[in-house]
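Here's a quick tour of some pockets and helix packing in one model. Have the viewer open as you read.

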Amino acid sequence: MRKPLVMGNWKLNGTKESVTSLVNALKEPAAQAPSVEVAVCAPAIFIGLVESLAKDTAIKYGSEDVDVHTKGAFTGENSPEMIKEFGCKYAIVGHSERRAYHNETNEVVAAKYKAAQESGLIPVLCIGESLEQFEAQQTAEVVKTQLKAVIDMNGIKSFENAVIAYEPIWAIGTGKTATPEIAQDVHATIRAYLASFDAETAEKVQILYGGSCNAKTAPDLFKQPDIDGGLVGGASLKPLDFAAIIKAAEV
Ligand code: PGA
């Protein structure tokens with residue numbers, strides 16, 4: 001049985017004040033849903049604040065990205081060790097915004113996944129197709145290629161210690177959520193592809209849906225057999241909406 005995971009991705013948002021009130025507002029919904037793992041991924045500069053706010057609560061947290069290097073002359077980066085030192089459990093890798101705006105290739109993403117795991121972080125590997133690829137019915141091919149790069153570098157067993165987030169790019173921040181049927185179909189494709197390497201690992205890995213996942217769309221998405229929770233952007237900044245999404249994931 002896979003534990004549902006509801007993870008917020010705050011992106012480039014927040015102030016000390018808003019982060020404080022958001023985390024405080026999530027304490028109770030997280031505590032009241034013990035069957036769900038609740039996590040927030042914060043901009044690196046706020047992780048220390050989240051650490052102090054989330055102490056002794058049911059809220060786990062992570063970074064939105066991680067560097068491949070452990071230390072050295074890489075101005076502006078945050079190493080996996082630094083992120084781990086501040087109590088993070090997770091590190092998002094390969095978000096489509098990083099792939100698009102920072103030219104992160106499948107190989108770079110696989111290296112970040114590796115670096116995160118080596119430091120004891122759980123990578124949350126984001127994969128998903130563009131609108132053009134969706135319309136050309138290339139979704140399965142795209143997600144398999146994205147997964148293959150990680151498998152080639154890290155092996156299939158590495159997914160025992162990772163989370164996958166399927167995020168169709170056309171659904172991110174657009175209000176156009178994939179229908180539960182479309183999402184389930186891709187999630188099943190992802191799991192079947194992993195199972196072609198190792199059935200046991202495929203069965204265990206949590207596959208989250210992301211892309212305009214909100215209080216309205218989450219309940220039907222989470223009913224799908226291969227959807228194990230959500231990676232939530234916009235709605236994760238609104239405590240009541242995020243609390244409703246957590247509730248929708250309860251089993
Ligand atoms: P969204 O973003 O929920 O605002 O669509 C999701 C994500 O990019 O992780």
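By class, the second largest pocket is lined by five nonpolar, 11 polar and four charged residues. Ala, Val, Leu, Ile, Met, Phe, Trp, Tyr, Cys and Pro count as nonpolar here, Asp, Glu, Lys and Arg as charged, and the others, Gly among them, as polar. That lining has 20 residues, and Gly173, Ser212, Gly233, Gly234 and Ala235 lie nearest the pocket's centre.

A word on provenance: this is a predicted model, where local features need pLDDT of at least 70, side-chain atom pairs count only at pLDDT 80 or more, and totals for chains, interfaces and linings use all residues. Residues are numbered from 1 along each chain as its sequence is written, and side-chain values use heavy atoms, with hydrogens and water left out.

A pocket is an open set of points on a 1 Å grid over the protein atoms alone, where a 1.4 Å probe fits, with protein on both sides within 12 Å along at least five of seven lines; lining residues have an atom within 4 Å of a point. Its volume is the space filled by probe spheres set on the points, which are joined across faces, edges and corners.

| Pocket | Volume |
|---|---|
| Largest pocket | about 510 Å³ |
| Second largest pocket | about 250 Å³ |

Helix α4 (residues 96–101) gives the most to it, with three residues.

Now for the helices, which are DSSP runs (H or I, at least four residues) numbered from the N terminus. α1 (residues 16–31) packs against α11 (residues 239–248) at about 30°, with the axes 10 Å apart. That makes the two roughly parallel, a label for angles under 35 degrees. Axes are lines fitted to C-alpha atoms over the stretch in contact, and angles run from 0 to 180 degrees between N-to-C directions. Leu22, Ala25, Leu26 and Pro29 of α1 meet Pro239, Phe242, Ala243 and Ile246 of α11, with contact meaning heavy atoms within 4.5 Å. By class, that contact has eight nonpolar, no polar and no charged residues.

The other pair is α5 (residues 106–118) and α7 (residues 139–154), whose axes come within 9 Å and cross at roughly 50°.

Definitions and conventions
Parallel < 35°, antiparallel > 145°, perpendicular 65-115°, else oblique.
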